[in-house]
Amino acid sequence: MLQLEQLVWQDRLVHGGNPDGSRLWTHMMRRLMPHDVYQEPSGRSGPEPEEILAVRDWIEAEQP
């Protein structure tokens, strides 16, 4: 997930300017992502609220 420029070009994950229509955002809100935190018993903590909002802001700022 750290290769942000590549994510923008994957329409199935990110719809630039539309967080609610982006799979990345909706999966984060449903606690399906990050996968290693919510789907596997890793003992790691999930992203902080500020980090989650930063993803939303990033998606909103990206232009299709």
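The largest nonpolar core here has 10 residues: L13, V14, L24, W25, M28, M33, I52, V55, W58 and I59. A nonpolar core is a set of buried Ala, Val, Leu, Ile, Met, Phe, Trp, Tyr and Cys residues joined through side-chain atoms within 4.5 Å. Buried means under 20% relative accessible area, exposed means over 50%, and partly exposed lies in between (1.4 Å probe, protein chains only). At least two residues of this core come from each of α2 (23-29) and α4 (49-61), and α4 gives the largest share, 4 residues. In soluble globular proteins, nonpolar side chains tend to be buried together.

Please keep in mind that this is a predicted model, in which local features need pLDDT of at least 70 and side-chain atom pairs count only at pLDDT 80 or more, while totals for chains, interfaces and linings use all residues. Residues are numbered from 1 along each chain as its sequence is written, and side-chain values use heavy atoms, with hydrogens and water left out.

Now for the overall layout. The chain has 4 helices and 0 strands, and its elements run α-α-α-α from the N terminus on. Helices (H or I, at least four residues) and strands (E, at least two) are DSSP runs, numbered from the N terminus. Of the 64 residues in the chain, 27% are buried. The accessible surface comes to about 4800 Å², with 51% of it belonging to carbon and sulfur atoms; such areas come from the Shrake-Rupley method with a 1.4 Å probe, and for residues only the protein chains shown count as cover.

I52, V55, W58 and I59 are buried in α4. These residues lie on the same side of α4 because they cover an arc of only 115° around the axis, the arc being that of the directions from the helix axis to the C-beta atoms. The face turned away from this buried side carries the exposed residues E50 and A61.

The structure also holds 2 salt bridges, where a salt bridge is a side-chain nitrogen of Lys or Arg within 4 Å of a carboxyl oxygen of Asp or Glu.

| Salt bridge | Closest N and O atoms |
|---|---|
| R56 and D20 | 3.1 Å |
| R56 and E60 | 4.0 Å |

R56 and E60 are 4 residues apart in helix α4, so about one helical turn separates them. D20 is exposed, at a relative accessible area of 53%, whereas E60 is partly exposed at 39%. Together, D20, R56 and E60 are linked in a network of salt bridges.

S22 sits in the loop between α1 (4-8) and α2, and S22 counts as buried because its relative accessibility is 0%. Leaving aside residues up to four places away in sequence, S22 touches L13, V14, H15 and I59; contact means heavy atoms within 4.5 Å. E62, in the segment after α4, is partly exposed with a relative accessible area of 24%. From E62 to V14 the C-alpha to C-alpha distance is 9.2 Å, although 48 residues separate the two in sequence.
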